[in-house]
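This report walks through a single protein chain, one topic at a time. Please have the sequence and the model open while reading.

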Amino acid sequence: MQRILSYMRKAIEEYKMIEEGDKIAVCLSGGKDSITMLHALKSLQRFYPKKFELIAISINPGFEFFDTKFLQEICDNLAIPLFIENSNAKEIVFDIRKEKNPCSLCANLRRGVINSVAIRENCNKIALGHNQDDVLETFLLNLLYTGSINTFSPISYMDRSKITLIRPLVYTPEKEMRRFIRKNNLEVMPKVCPMDGTSKREDMKQLIFTLTKDIPMVRANLFGAIKRNLEDWKI
């Protein structure tokens, strides 16, 4: 946990992600990233000088194997309130529209539900579990498929909902989440999306892995370029 907290606290303090009196809705999917983030924020809450509240929000997209009992047990063990909301994302994306590249639409549908719940529960911030690898993969996706130099921001304010999105894990490599889950013998929810492992994002993950074999510093170089050249990332 100390390694996770070190990465997380650096991001939180550099981008002023948490302020006194915040009520943060943590997006809990049941995967390694969101489970690690929930545990880390709970640990941070115990000693961080700025006091904040936590709740968890999980969206059931309609897949058969979505385990609400599993998610409830995680939050009960951490004494964090959990709000599980049902969504028809699976029906819209796969059954009705039959999207070949469904990730963007699915994410937008889930985000709308999350925002609604966060507003209903009087949260002013939403914590998303994107890690350092996600930052790099999104950067390459935008560069190679849309010709734009961009990735998501560590922190962003949504004018319409008046909620701030924070990504406390943006400095944390994905391997650290895997290590945390393994060392603490934590379970994760089996992945339920039929696109898992077959998306363009997975292609970017493989590309970075391949490049690293020949250019050991490629991850650090890409991340450094993002921090130096993207306005949303400049401190």
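## Tyr157 and strand E5

Tyr157 sits in strand E5, which covers residues 155-158. Helices (H or I, at least four residues) and strands (E, at least two) are DSSP runs, numbered from the N terminus. With a relative accessibility of 46%, Tyr157 counts as partly exposed. On this scale, buried means under 20% relative accessible area, exposed means over 50%, and partly exposed lies in between (1.4 Å probe, protein chains only).

Leaving aside neighbours within four places in sequence, Tyr157 is in contact with Lys162, Ile163 and Thr164. Contact here means heavy atoms within 4.5 Å. Tyr157 and Lys125 are 32 residues apart along the chain, and their C-alpha atoms are separated by 9.0 Å.

## Basis of the model

This is a predicted model, in which local features need pLDDT of at least 70 and side-chain atom pairs count only at pLDDT 80 or more, while totals for chains, interfaces and linings use all residues. Residues are numbered from 1 along each chain as its sequence is written, and side-chain values use heavy atoms, with hydrogens and water left out.

## The chain as a whole

The chain contains 9 helices and 6 strands. Of its 235 residues, 49% are buried. Among contacts with a separation of 6 or more, 77% are between residues 24 or more positions apart.

The accessible surface comes to about 12600 Å², and carbon and sulfur atoms account for 51% of that surface. Accessible areas come from the Shrake-Rupley method with a 1.4 Å probe; for residues, only the protein chains shown count as cover.

## Lys125 in strand E4

Lys125 belongs to strand E4, residues 125-127. Is Lys125 buried or exposed? Lys125 counts as buried because its relative accessibility is 7%.

Not counting residues up to four places away in sequence, Lys125 touches residues that include Lys16, Met17, Ile18, Glu19 and Asp22. Its list of contacts also includes Lys23, Ile24 and Ala25, as well as Ile163, Thr164 and Ile166.

## Nonpolar cores

A nonpolar core is a set of buried Ala, Val, Leu, Ile, Met, Phe, Trp, Tyr and Cys residues joined through side-chain atoms within 4.5 Å. The largest such core has 52 residues, and Ile18, Leu38, Leu41 and Trp233 touch the most other members. Helix H2 (residues 32-47) supplies the largest share of this core, 6 residues. A second, separate core has 14 residues, including Ile57, Ile114, Val117 and Ala118.

Which residues does Ile18 contact beyond its neighbours within four places in sequence? They are Ile12, Ile24, Leu41, Leu44, Tyr48, Lys50, Phe52, Lys125 and Ile166.

## Helices H1 and H7

Two packed helices are described by the angle between their axes and the distance between the axes. For helix H1 (residues 2-14) and helix H7 (residues 174-183), the axes come within 10 Å and cross at roughly 145°. Axes are lines fitted to C-alpha atoms, for helices over the stretch in contact, and angles run from 0 to 180 degrees between N-to-C directions.

On the H1 side, Arg3, Ile4 and Tyr7 meet Glu176, Met177, Arg179 and Phe180 of H7. By class, this contact has 4 nonpolar, no polar and 3 charged residues. Ala, Val, Leu, Ile, Met, Phe, Trp, Tyr, Cys and Pro count as nonpolar, Asp, Glu, Lys and Arg as charged, and the others, Gly among them, as polar.

## Links across the sequence

Lys32 lies in helix H2. Its C-alpha atom is separated by 8.4 Å from that of Glu187, 155 residues apart along the chain. Not counting residues up to four places away in sequence, Lys32 touches Glu174, Met177, Arg178, Ile181 and Val188.

Asp203 is found in helix H8, residues 200-214. This residue is partly exposed, with a relative accessible area of 37%. Asp203 and Glu137 are 66 residues apart in sequence and 8.8 Å apart in space, C-alpha to C-alpha.

## Positive phi in two loops

Ala79 is in the loop between helix H3 (68-78) and strand E3 (82-86). Although Ala79 is not a glycine, its phi is positive, about 55°. Ala79 counts as exposed, at 59% relative accessibility.

Asn122 lies in the loop between helix H5 (103-120) and E4. Phi of Asn122 is near 60°, a positive value in a residue other than glycine. Asn122 is exposed, with a relative accessible area of 62%.
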